[in-house]
Amino acid sequence: MTKKQMKLGAFFNLPGHHVASWRHPSSGADRTLDLDYLIELAQTAERGKFDMVFFADVFGQSILENSSSGLKLDPVIIISALAAVTKNIGLTATLTTTYNEPFHVARKFGAIDHLSKGRAAWNVVTSANDSESLLFGKEKHLQHALRYERAEEFVDVVKKLWFSIEDETLVIDKEQGRFLDIDKVHPVNHEGEWFKVQGTLDSPSTPQGHPVIVQAGSSEVGKELAAKTAEVIFTAWQTLEEAQTFYRDVKGRLAKYGRKPEDLKIMPGVFITVAKTEEEALAKQRQLNSRILPEVGLAYLSNFTNIDLSGYDVDAPLPEFSTIEDETNPRIRYNIIRDIAKRENLQTIREIYERIAGARGHREIVGTPEQIADQLEEWFLNEGADGFNIMPPTFPDGLNDIVELVIPELQRRGLFRTEYESDTLRGNLGLSVPVHPSKKTAQITGK
């Protein structure tokens with residue numbers, strides 16, 4: 001019997017996940033807009049047999065002269081380019097449902113899935129940053145609850161569009177002069193609370209049936225949306241007990257949507273600093289933390305707590321904020337950060353921002369390859385995770401360290417692949433190909 005193996009994403013947050021990564025002497029901070037550099041990183045991740053590269057995205061971040069935050073390229077464009085220079089690794093990009101239209105998203109990711117021969121994934125988000133609204137001419141950001149209502153209908157419409165032209169529609173019979181089987185075209189006629197869409201996509205269903213749907217969200221409505229629509233979910237937890245509670249909760253919701261536990265892969269984020277000795281790994285961690293400028297630390301913590309801390313004394317305690325304007329927002333990341341501070345007795349704002357300077361509330365592991373593999377294995381074998389979204393502190397060195405040190409240790413234990421099983425992301429993740437709705441109807445009616 002083949003041993004169960006974990007799934008791994010390489011989370012590309014350039015120039016690095018650590019807020020001061022750009023100041024590290026080996027950082028590729030001056031190359032983040034360079035396609036050759038992005039290709040180099042993607043091919044490194046593919047050499048490590050990662051299931052996917054993953055690009056997050058957020059708009060409206062403050063541009064500061066002493067911080068790399070707020071500067072990035074459109075990840076959808078990036079994965080389109082990477083499709084041409086990689087062969088097996090999945091290509092995941094974030095695109096918000098709050099400030100886009102379903103047709104645009106369906107068309108872009110459908111095209112990438114075709115061009116990559118079945119390796120595209122869409123990370124569904126609802127725009128947590130209030131400032132995004134101003135970029136789109138909206139005076140006020142939608143409330144958390146309304147954003148998720150819109151997101152649920154948005155995903156539904158996108159899937160209808162992906163299925164609007166079956167993969168078998170193309171006949172291309174040159175002798176008979178018949179290009180399409182028109183019976184396999186299914187125009188969308190959707191009228192809902194948020195969207196009214198009529199027509200079809202202009203390309204057939206993709207090599208994966210449709211691109212893999214990824215979601216990042218741990219609120220109550222986020223978990224429900226994941227149970228209904230997601231095939232991979234990224235989340236953030238600090239302890240095995242918290243991860244197990246989330247894992248069992250979300251997996252337990254799948255049955256009511258006609259889904260099985262294996263239809264959804266839960267992959268918490270893990271920020272990894274690795275070296276051949278524990279002392280060397282801890283020294284790497286201290287070196288990066290020492291490069292955080294106080295004003296950058298305050299801005300960084302403000303971003304992830306949604307609290308303006310500018311001007312606060314970094315050596316004073318983090319103030320308590322009991323109320324916020326959007327009462328529907330559960331403030332998951334703020335609560336995680338607050339709990340870390342209490343559990344680890346972090347007394348000052350400086351101690352807190354240094355603690356989350358790379359992980360942003362995700363789990364952080366510092367140590368040798370064996371120590372890191374031990375902790376990943378514990379979560380994986382005890383219903384804490386189906387795999388992990390790996391967050392290197394710096395690029396390219398942090399990613400190289402993980403590929404050269406951690407991956408071989410996981411492979412030695414039989415916990416991770418040594419070769420890709422499939423040419424598609426869906427195949428490598430062990431996800432089934434979605435059945436076209438018309439074929440489901442045929443099966444039910446016995447046609």
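Mentor: Happy to! Domain 1 and domain 2 bury about 2400 Å² between them, and 58% of that lies on carbon and sulfur atoms. Buried area here is the accessible area (1.4 Å probe) that two parts lose on being put together, summed over both. Before we go on, note that this is a predicted model, in which local features need pLDDT of at least 70, side-chain atom pairs count only at pLDDT 80 or more, and totals for chains, interfaces and linings use all residues. Residues are numbered from 1 along each chain as its sequence is written, and side-chain values use heavy atoms, with hydrogens and water left out.

Domain 1 gives 32 residues to the contact and domain 2 gives 27 residues, where contact means heavy atoms within 4.5 Å.

Now to the helices. Helices (H or I, at least four residues) and strands (E, at least two) are DSSP runs, numbered from the N terminus. Axes are lines fitted to C-alpha atoms, for helices over the stretch in contact, and angles run from 0 to 180 degrees between N-to-C directions.

Start with helix H1 (residues 35-47) and helix H2 (residues 75-82), whose axes come within 10 Å and cross at roughly 70°. H1 and H2 are therefore roughly perpendicular to each other; angles under 35 degrees count as roughly parallel, over 145 as roughly antiparallel, 65 to 115 as roughly perpendicular and the rest as oblique. Their crossing is right-handed. A crossing is left-handed if the near helix is turned anticlockwise from the far one by less than a right angle, and right-handed if clockwise. On the H1 side the contact uses Leu35, Leu38, Ile39 and Ala42, while H2 brings Ile78, Ala81 and Leu82. The residues of this contact of H1 with H2 are seven nonpolar, no polar and no charged. In this count Ala, Val, Leu, Ile, Met, Phe, Trp, Tyr, Cys and Pro are nonpolar, Asp, Glu, Lys and Arg are charged, and the others, Gly among them, are polar.

H1 also packs on H13, with axes that come within 9 Å and cross at roughly 15°. That makes H1 roughly parallel to H13, and the crossing of H1 and H13 is left-handed. Here Leu41, Thr44 and Arg47 of H1 touch Leu399, Asn400, Val403 and Glu404 of H13. This contact of H1 with H13 divides into three nonpolar, two polar and two charged residues.

H13 (residues 397-412) has a further partner in helix H12 (residues 369-381): they pack at an angle of about 55°, with axes 9 Å apart. That makes H12 oblique to H13, and H12 passes H13 in a right-handed crossing. Pro369, Glu370, Ile372, Ala373 and Leu376 in H12 meet Leu405, Val406, Glu409 and Leu410 in H13. Seven nonpolar, no polar and two charged residues make up this contact of H12 with H13.

Finally, have a look at the loops. Pro396 sits in the loop between strand S13 (387-391) and H13, and a cis peptide bond with omega about 5° joins Phe395 to Pro396. The loop between strand S1 (7-11) and H1 holds Pro15, and the peptide bond from Leu14 to Pro15 is cis, with omega near 10°.
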